[in-house]
Amino acid sequence: MPKHLAQKETLKNVPDFVSLSKKRRSYKQRKFNLFREESEGYAKLIAELNQEISGNVTAKNVLEIIKSLIGCFNLDPNRVLDVILESFECRPDQHQFFIPLLRSYMSDPKILCEVLGFKYCFYQTSTEEVTPKSLYLVTALMLQHSIIALDDIYCWYGLNQKFGLCEALLKVGDWTHAEQLTKKLPDHCMLEQHPVAWALCQLLHAVIEPVYRKHCLLAPQLLGDPVPPPGGSLAPKCANTFQELKEHAIPMMVALGTSMHYDPVLMYKVLRLTHAALTQNCSESQTPTPTDNNLYYEIITVMDDVILPSLSFMESNCCIAEQVWNILQLYPYNHRYCLYSRWKNDTYQNNAKLLRKRGDALKKMKSLMKRVSKENIKPVGRSIGKLTHASPGFLFDYMLIQIQMYDNLINPVVDSLKYLTSLSYDVLGYCLVESLASADRDRFKHDGTSISLWLQSLASFCGAIFKKYNIELTGLLQYVANQLKAQKRASGLISIFTLEYACLSFYDNNTLLHTQAWLDMWELGMMHVSKRLEGSSRVLCCLHPPMDRSLSSGSNNGYSSTDSVIVDVEDLLVLFHGKCYFEVREWGGEFGCFIPAFCFLEMSTRSVLLMVNLKFVLKGVWSNLGGNDARDSSDTEGVVGLDLLILKEIVQKMAGIEAAEEMTSEQLEAMAGGDLLKGEAGYFSQVRNTKKASQRLKEILSEHDLTVALCLLMAQQRYCVVYKETDKSHLKLVGKLYDQCQDTLVQFGTFLGSTMSMEDYINKFPSIHSMLSEFHIHADVAFFLARPTFSHAINAKYEALRKADPNSKKMSLTAKHQKYCEAVKEIMDPIVLSVRPLHPLKVWEDISPQFLVSFWSLTMYDLFVPVESYQREVNKLKQLSLQVMDSKDTAVSKLKKEQERYTSLMEKLQEEKKKQQEHVEKVMVRLKQDTTYLEYKGGICGNFYSLLDDSGLFCNRGPLPRNHACVSFLIKQDPFCDFPKLG
């Protein structure tokens, strides 16, 4: 007899078996003590309940027998119920028999819950016995078939018994009640228990089995171990399609959360399924897009809540990490970076076990960073790789902090990262962007005149790591572009300081009225303009050149004023970052608006008084943009041009093109040669093996349309440096930022010209007229970007003219030169016509448009052949070749390979020199013919200084090679003039 029945004779709330009386006869059952009852009745009861279940043995028949036994042997119905439950525990696989029997024998679910609860209470107080799993299983089956309610039985459970019940519910496939039970406890409490998590994993195996075998089998011969479906009609439905996977399996995965790490096989199955779902309708070259059937956003949720947190528990499992990357690489970088941010910053804060894992991993990383050096790169690199397979984010944060403090760690750390997974490399790219974007440290040294060392170290590390490893650059390049764009917009509002006067133009239906108001911003500071506006629908606004004209909503209504566009109110809101910086207040019955001088709101009143207090406006706008009225030099937030240091390092490391900051005379001469001579003698360091890295950089720029955007933003950034930083920063710093912007622009443009095909270059870049008129880029930058297209168009036209001549094969040198001049004229004349309207007539009194175009379209390569530099490099290669021949410590095969390389370089240099000489001869003939229309007042020498000071068209702003090109060009035109030395 069970012990728990011997402790108590009756149960609470169980009604006695009441006798029925009929007339004078009555029958009343006596309640016997448990030890005095006859055992024969219980023996027969047990025999009936544990017999073999066959076709004739049904719950209905057995119930009638039980009633007869109760009446014949005076059995207590409550104890009979207990015996039925005990028999059910022994044979839970016969639930098709016992469930109908229990439902027919006892219809009150609360009584059933009290009987079960009494059993659970006994095991709660017992120190010798634990709750049997069979009892959990019986309870789970009764819950699944709705014989009892979860709320009724829940109050009888202790904490550990709740875990056992949840495990049993999952084993029988009752996900509904298991989910309800899980939500009654704190987050992660239930499914952090290994038995519960394992039971849910097994249920998921069964649910996803059909769709997994349909889409993810490696080969027909590799069938694997089949997983049987969950038993019973009430179990979750198996997923046969991806839509059913979304409905039935993904909610279970999200509930499982980090506990999926207990079953790596299930995790791998889920990863394969998600990859198949994303790529089901895509070819290998296509990128998945959100559709109804590819679970695009659901997979992001699974990655965020399940896969990445589970990966943090799986130490040194690089296979899972690579499989995760196979899925994440199908998403754009912004989706991935969002996942990495939550993984690194939020996931660990929500899970106590993960916090402990994080502390242990960080302790190991600190130990490794103390030992990293160039002597032990291999063992330390392997250890770093093992740590970062599971938890790369916060480990890279600590690594970057160390690099910012000690720049001598850059090279050994870069070399030691060769054992990382693809996922870890991508997380490293995100951590670099986050470090640059969220840095709260001072970006300048304490004197405020130079860039801080930590920022220089971080930029240098960016260049080195992206060159050595195949890490996606999109996020970092887009960050630089966004920073340039944001700073240009901010400075556009402040650039009103440079206006000497404001031309206020009003478009009033049929009449265009102009009013010029000369402003003295520092003394008067206020302009009063009264103008009657009747029925005006739009306002024609004057814009300063650095402002972005792309925000204009329409044409200029037939007017050709290049400094005016028609702007709607909506455009003004966009122009001001979506915020309205206008203050409207009553003024003697009229309305006055405090607005900048270059834009006016649409006015519907008949008479309007406009008051423009420039100082008030600028102060308000600067405050709203997060600026500091005090303009403390130590405040470096939003400083223009700092982020270009990153782009400069990336281009230098990946493409081998250095920014021309300071150059020797020999390097300056070599920069006048071809690309091969520039690479060999024009830079301080010889960067090798950059072909793959430069190609990768070019492809990323083209794929994400950053090629033209970065060029134009850098070109406009030069104005931002002068207009925004002059008042609040040290003059030395302003000069450095301006030079850095200029050098990076030239470096980036040189890289594009040397790597992009001419067809792509022409298709991507705007025309010279668009750059000068629409994007307001200075002539030096616009022509610098357009020169490759000029040369290509001229050479193509020259070849067409030469081949069209019947005597092309016997054409003389003079005839070839004449054809070249004809090609130049045909290509450059439309450009001359497009340049004329861009400058006032006063400019063309000093020079001609032909002279301007010829000046900016030529380089030192067109004017001068550095024969000495070519010969110097050839002699150097000969000397190196002789040294290789005399070497006795190197293998013969390697010596022969080096010898062949030097010989090939010498031949290429000679060929390049010959090609440049032929080109310069043709350009000289062109310039001699151009002298007929390159005349202006005072001659070239007489007006050289006035050109620099007045027109600003030949400003000494470019790098040294361009300054020497200026002088060389002018000397070619007037060889008897004594020009100043530039640079």
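**Notebook: cores, a helix and salt bridges**

I looked up the largest nonpolar core and found that, of its 236 residues, Met 142 and Phe 461 touch the most other members. A nonpolar core here is a set of buried Ala, Val, Leu, Ile, Met, Phe, Trp, Tyr and Cys residues joined through side-chain atoms within 4.5 Å, and buried means under 20% relative accessible area, exposed over 50%, partly exposed in between (1.4 Å probe, protein chains only). I noted that another core lies apart from it, with 12 residues, among them Tyr 870, Val 884, Tyr 902 and Met 906.

I wrote down that this is a predicted model, in which local features need pLDDT of at least 70 and side-chain atom pairs count only at pLDDT 80 or more, while totals for chains, interfaces and linings use all residues. Residues are numbered from 1 along each chain as its sequence is written, and side-chain values use heavy atoms, with hydrogens and water left out.

Next I listed the contacts of Phe 461 (contact means heavy atoms within 4.5 Å); leaving aside residues up to four places away in sequence, Phe 461 touches Leu 400, Ile 403, Ile 410, Val 413, Val 414, Leu 417, Leu 428 and Leu 432.

I then turned to the whole protein, where I found 43 helices and 10 strands; helices (H or I, at least four residues) and strands (E, at least two) are DSSP runs, numbered from the N terminus. Of the 983 residues, 51% count as buried.

I checked helix α21 (residues 422–437), whose 16 residues should span 22 Å at 1.5 Å a residue, and its end C-alpha atoms are 23 Å apart, which agrees. The expected span is 1.5 Å times one less than the number of residues. Because 14 of the 16 residues of α21 are buried, this helix is largely enclosed by the rest of the structure.

I finished with salt bridges, of which the structure holds 25; each is a side-chain nitrogen of Lys or Arg within 4 Å of a carboxyl oxygen of Asp or Glu. The side chains of Asp 426 and Arg 336 meet in one of them, at 2.7 Å from N to O. Asp 426 lies in helix α21 and Arg 336 in helix α16 (residues 333–345), so this pair ties together parts that are 90 residues apart in sequence. Both Asp 426 and Arg 336 are buried. In another salt bridge, the closest N and O atoms of Glu 315 and Lys 357 are 2.8 Å apart. At 57% relative accessibility Glu 315 counts as exposed, whereas Lys 357, at 23%, counts as partly exposed.
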